[in-house]
Amino acid sequence: MPMEPDAAILGALLAGCRVHGDTEVGDRVSKRMMRMRPEKSGYYVSLANMYAGAGRYSDAERVREFMKERSVSKQIGYSSVESES
């Protein structure tokens with residue numbers, strides 16, 4: 001790449017790693033993203049989900065514990081439905 005990748009590009013790469021089960025590259029990408037924005041919980045969650053998807057549950061748990069140690073928390077998701085009744 002002729003330029004330094006930003007968080008959006010690295011996030012897309014991490015998502016691809018999860019889809020294709022490439023935990024080796026996913027490790028490197030997520031660590032780089034965590035150095036860029038250590039407060040962003042999505043990077044940790046993506047890494048933990050990638051590990052869990054690959055059957056590496058102890059690594060997924062290690063990432064979740066690391067989040068607790070660093071006081072990084074995931075926002076709770078919600079959905080809404082509108083009705084015309």
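Lys68 counts as exposed, at 59% relative accessibility; exposed means over 50% relative accessible area, buried under 20%, and partly exposed in between, with a 1.4 Å probe and protein chains only. This is a predicted model, in which local features need pLDDT of at least 70 and side-chain atom pairs count only at pLDDT 80 or more, while totals for chains, interfaces and linings use all residues. Residues are numbered from 1 along each chain as its sequence is written, and side-chain values use heavy atoms, with hydrogens and water left out.

Lys68 forms a salt bridge with Glu65, their closest N and O atoms being 3.7 Å apart; the term requires a side-chain nitrogen of Lys or Arg within 4 Å of a carboxyl oxygen of Asp or Glu. Glu65 is partly exposed, at 33%. Both residues lie in helix H4, 3 residues apart, about one turn of the helix; helices are DSSP runs of H or I with at least four residues, numbered from the N terminus.

How many salt bridges does a search of the whole structure find? The search finds 6. Arg28 and Glu24 form one of them, at 3.9 Å between the closest N and O atoms, and both are exposed. Because Arg28 and Glu24 are 4 residues apart in helix H2, about one helical turn separates them. Arg37 and Glu39 also meet in a salt bridge, at 3.3 Å from N to O. Arg56, Asp59 and Arg62 are linked in a network of salt bridges.

Key
Helix = DSSP H or I, 4+ residues; strand = E, 2+ residues; numbered from the N terminus.
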